[in-house]
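Please open the model in your viewer and keep the sequence panel beside it. The tour below goes from one selection to the next and says what is there.

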Amino acid sequence: MTLVSISSNLLFVAFVCYLIATMFFGGAVKVSGSKTSASERRWGRIGIIVTIVGFIANLAYFITRWIAAGHAPVSNLFEFTTAFGMMVVGAFILIYFIYKTPLLGLFALPIAIIIIGFASMFPRDINPLIPALKSYWLTVHVTTAALGEAILAISAVAGLIYLLKNVDITKKTKQRFWLEAVMFTLVLVLGFVASTTTFSVMDYEAKFNYVDKEQKEKEIIYNTPPIFGMNEFEALTPGTMTPLAEMPSIVNAKKLTTVTWSLLFGTVLYVLLRLITRKSISALLKPFAQKANSQLMDEIGYRAVSIGFPVFTLGALIFAMIWAHEAWSRFWGWDPKEVWALITWLFYAAFLHLRLSRGWHGEKSAWLAVIGFIIIMFNLIAVNLIIAGLHSYA
Amino acid sequence: MNNIICACGHENPEGTVLCGNCGRPLTKEAKNQKLADMRYEGTARRSQTYNKSIIDKIWNFFSSVKIGITIIVAILVAAAIGTILPQVLYVPATTEADIAAYYERVYGTFGKIYYELGLSDLYGSWWFQTLIGMLGISLIVASLDRFIPLYKSLKKQRTKRHESFMKRQRLYAQGENILGENSLAKSEEKLKELRYKVTREDGALLAEKGRFARWGPYVNHVGLIIFLFGVMLRALPGFYVDETMWIREGETRAIPEAPGFYLESKEFILETYDKATEDEVFGEAIDRVGTIASNYQTDVVLYKKPEEALPGQTDDLKEVKKESIQVNHPLKFEGYSVFQMDFRLDELKTMHFKLSNKASGETLGDLAIDLVNPETSYDVGKGSKVELLGYYPDFSGFENGEPQTKSPVPNNPAFLVKMFTPETPEGETSFVAIKQTVEPLGDNEFKLEFQNVDTRDVSGLTIRKDKTLWILALGGLLFMIGVAQGSYFNHRRIWIHESTEGHLVVAAHTNKNWFGVKKELDQVTEAAQLPPYIDQHDTEGQELKEDGEKSS
Amino acid sequence: MAQTKQKRFILRTIILSVLVFAIVYTIYNNATKEKVEVLGIGDEAPDFTLVDLNGEEHRLSDYKGQGVFLNFWGTWCKPCAKEMPAMDRQYETFKEQGVQILAVNIAQSDFEVQQFASQYGLDFPIVIDKTKSVMEAYNIDPLPTTLLINPEGKIEQIVRGEMTEQDIAGFMEQIRPE
């Protein structure tokens, strides 16, 4: 067995551990009554032990892949996103040992699982480094930035628990709508995973010629049935579906198709869930969140931001600037990824000021934490996939 | 100005919320609040109290955190809008007209509007820079305004506070004094163990730690101000050099904006990954993506002219160092950095021809023309020679019968030659371009046959000198220190008073991380048998606790 | 009380105006950055020394006391080719009166420059800036650019682009020593 395959297996082990740990944390929350009981502690302890085992496997994946590739595995979308998921777990373990709340695990681990699952949908082969990435700053900058984002993500988890507990879902309110919208978005990510997996199991492939925005002829391979065709497309693989609509040259119809499939699968998944359970997802999860102490969740949310913000600043801005100065000759160039890191930073700066000076505690603070996480995920996913820039290596 | 006289007799300046001496609430709102606002306890933020002149109004505008947040959000939104389409900087067009056309061609009407609104150069626009400037003013004014009140409120801390102050603290306890006179001593012992600074004053105790954490925000704001100042300096001439140079293999060129320095390019190297040899793990990626570059490198020699030499005198340049400039490894000297940024492969360098007889195909000899430094005459051997009459490095056609060149770069070299052989001692004139031979003076017997070319690569280098870097670094460093100081340390205070009826009153405050201070207060409560405290903010936890107590 | 109030007013006014000035100045400077010139009119012309086609060295400071008509050019540049014969004709008139032409070619081969000079029968000294160091020192862009240097060695005028024969005569007149 090669080091690369050992590495992949370790990641799978970690993934399974996180799934199991989630169940134990669920158990811990379920069995406990209004006060801390011995069985809650027992379930919680098993949960955290399994989490730690998973985390060690995850770290081992990281290290073995590092050895195999000769560089830190943070150089493409799969590697970076996986590392981010791993760090979310790491940040959760850290927070768990401060606050001892199994409930946080019940929500943080599924988020990490979704992130890692999402990551696995992208090409998983080991990339050699292009010259711009050949620097120890790759390791330093990317890991610190990911760690900062992971800690900030924990604040969103706490915020989500706070909202699930405190938003009144019996009444038709804006809050209820948006909370369910956040849940729906998470289901859409699952939809992406489901659709990509389905078509890759089917080994779907359709080749097309098209004309890009510079008027050049190019070739593209779809791995999902083409709903949308590229500009002036011409099918090369016989017996595949004909695109339903042709897109202008500035739209990448392949990505649009992937998004559409994810939407379709996700929506079907969501509708099925609602039909089977006859409840909204918020309502499904509310009983678990009901046992949370709002004050503690608010505190954890704020604490995570105040721990994560300096780490994020260091990794995503300061280290980034130092490296950009070495590699691209300027420390700041208004590249979309840079701009979105700045936006994230400004957002959390505003968050801290609103909280400290304007007294935005509780629900408002929880919403901000969730929005912050959405911005981070936008920077991670959309900026790489949609907006072209210096960072779009993947 | 109207001073407020507290019930304890202390005179407080206007605008004070909590008495500077005893901590009693002074304003009506403060009296009605369940919990005290502890930010500048005992002092007034004076800026708020004067609002007479226009200057005061502007000042107060920038001093307000609400305005600060508004500015932050405005910058955030603007920055986001700027990422919708690529900025001018990343667009492959240089002139205004080309850029405008590019946006319209590629992004349609939306692109046109985006460009017309100036969003394509958003970060360079005057209004975006004004926003950043306003943020700077806000940072400075807000910091100045809050520095003195905070200093005062931290400086003059009384050990003994009024009961109404204690009651308005989030963590509060009141109850029986079990250990009597030992309570304070026991508490002090435990608090010192927890590394608190403890002061005592007849029947009252104040324990404090992490006061410096309160300065964190000021330190990080100063850091930001310095950073913005550094950014501002770059706009001034002389602080910042940003030049590009193209240099061909074998050339020696003066480095732009670096007087007296010369660079010679020895070689440009482009390497790619090869899965067949050492890069086996990358096999799949290489198969999927195609060729992947592993290195761009220019091997250079840096020279400096002697002190007394003038520009143009390049005979006795002194070698400073040999270096390989790679991406991520710039050449550095005297504050300058030279970066590997771009390249062009295979520019023509030398052209090889053979002189042959058109009819028989017999070859008389070879000649090589150095396109950078052609000679007037080439001896081909066997009594033949070729004379160069004209050289057109970038041949673009004829004008009035004259061959033209559109640039000095040998992109499409052409020559006007005269060929002399033993058979044609008078010489034959021919015009030779890459795919074209013209015989202007009638048919020739001989021809120059193109054989092959030698090429060389061109490196695109960027030259930077940035005198503001250390200022930016200092700003960044201060920011990190400040933000760590404010985030990773907390200012915690615990007050314990012996009240007259033989009771104890306990209160605690922290600027953040209540969980931490509770854990410590738990320990003190246990050690000195203090009355159990309640978190007046945490109603749920309180109910739970009470439930628990009832059921037990 | 009134005094401290006034003091505060003055202090705040000063701080705010300094900040506003700094910001406005920065924005203005950013907006006009491209137009910042390294050399301006009235500056000392940087000294240099270059070798001409005959192997003779020409040092700018050797021509102190004469007006120097410093022209940067290339053989491929059309406007240069147009103005050079005119320069040559005016040179005939003005060289007696103490005006010197130095034509600096930018890093081309001896062959091309020599060929150009003989094609147009140019008499004034033509030097080649092989390393572009003189071009850098004078921050030349675009070609042709002509600098008029007076007998004191100061820059009188910087002319970017093509000149007519009339212009040339006028410029030479301008730097002619009294």
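Two residues are in contact if their C-beta atoms, placed from the backbone, lie within 7 Å. This is a predicted model, in which local features need pLDDT of at least 70 and side-chain atom pairs count only at pLDDT 80 or more, while totals for chains, interfaces and linings use all residues. Residues are numbered from 1 along each chain as its sequence is written, and chains are lettered from A and ligands numbered from 1 in the order in which they are written.

**Chain A as a whole**

Begin by selecting chain A, where residues 24 or more positions apart account for 76% of the contacts with a separation of 6 or more. Its secondary structure comes to eleven helices and five strands, where helices (H or I, at least four residues) and strands (E, at least two) are DSSP runs, numbered from the N terminus. The radius of gyration of chain A is 22 Å, close to the 21 Å that the globule rule gives for 394 residues, so chain A is as compact as a globular protein of that length; the radius is taken over C-alpha atoms, and the rule is 2.2 Å times the number of residues to the power 0.38. Taken along the principal axes, the C-alpha atoms of chain A fill a box of roughly 65 × 50 × 50 Å.

Of the 394 residues in chain A, 49% are buried. A residue is buried if 20 or more other C-beta atoms lie within 10 Å of its own, exposed if 12 or fewer, and partly exposed in between, with C-beta atoms placed from the backbone.

**Helix H6 of chain A**

Next select residues 174–201 of chain A, which form helix H6. At 1.5 Å a residue, its 28 residues should span 40 Å, and the end C-alpha atoms are 40 Å apart, which agrees; the expected span is 1.5 Å times one less than the number of residues. Among the buried residues of H6(A) are Leu179(A), Val182(A), Met183(A) and Phe192(A). If you now show the surrounding helices, you will find that the buried residues of H6(A) pack against H4 (102–119), H5 (136–166), H7 (253–277), H8 (281–289) and H11 (362–385) of chain A. Just after H6(A), Asp203(A) takes a positive phi of about 60°.

**The nonpolar cores**

Which residues have the most contacts inside the largest nonpolar core? They are Val88(A), Val157(A) and Ile161(A), in a core of 133 residues; a nonpolar core is a set of buried Ala, Val, Leu, Ile, Met, Phe, Trp, Tyr and Cys residues joined through C-beta atoms within 7 Å. Centre the view on Ile161(A), which, leaving aside its neighbours within four places in sequence, is in contact with Leu103(A), Phe107(A), Ala289(A), Ala292(A) and Met297(A).

**Where chain A touches chain B**

Now show chain B beside chain A, where 50 residues of chain A are in contact with 55 residues of chain B. Helix H2 (38–69), helix H9 (294–327) and helix H10 (336–357) of chain A are the elements that give two or more residues to this side of chain A, and the largest share, 14 residues, comes from H9(A).

**Two stops in chain B**

Select residues 126–155 of chain B, helix H5, whose 30 residues should span 44 Å at 1.5 Å a residue; its end C-alpha atoms are 43 Å apart, which agrees. H5(B) bends by about 30° at Phe147(B), and a proline, Pro149(B), follows within four residues; the bend is the angle between axes fitted to the seven residues ending there and the seven starting there.

Then move to Glu498(B), which lies in strand E22 (residues 492–498) of chain B. With 18 C-beta neighbours inside 10 Å, Glu498(B) counts as partly exposed. Glu498(B) and Glu181(B) are 317 residues apart in sequence, yet 9.0 Å apart in space, C-alpha to C-alpha.

**Chain C**

Finish with chain C, whose secondary structure comes to five helices and seven strands. The radius of gyration of chain C is 23 Å, well over the 16 Å that the globule rule gives for 178 residues, so chain C is more spread out than a compact globule. Along its principal axes, the C-alpha trace of chain C spans about 85 × 35 × 30 Å.

Towards chain B, 34 residues of chain C are in contact with 41 residues of chain B, and H1(C) gives the most to this side of chain C, with twelve residues. No contact joins chain A and chain C, whose closest C-alpha atoms lie 15 Å apart.
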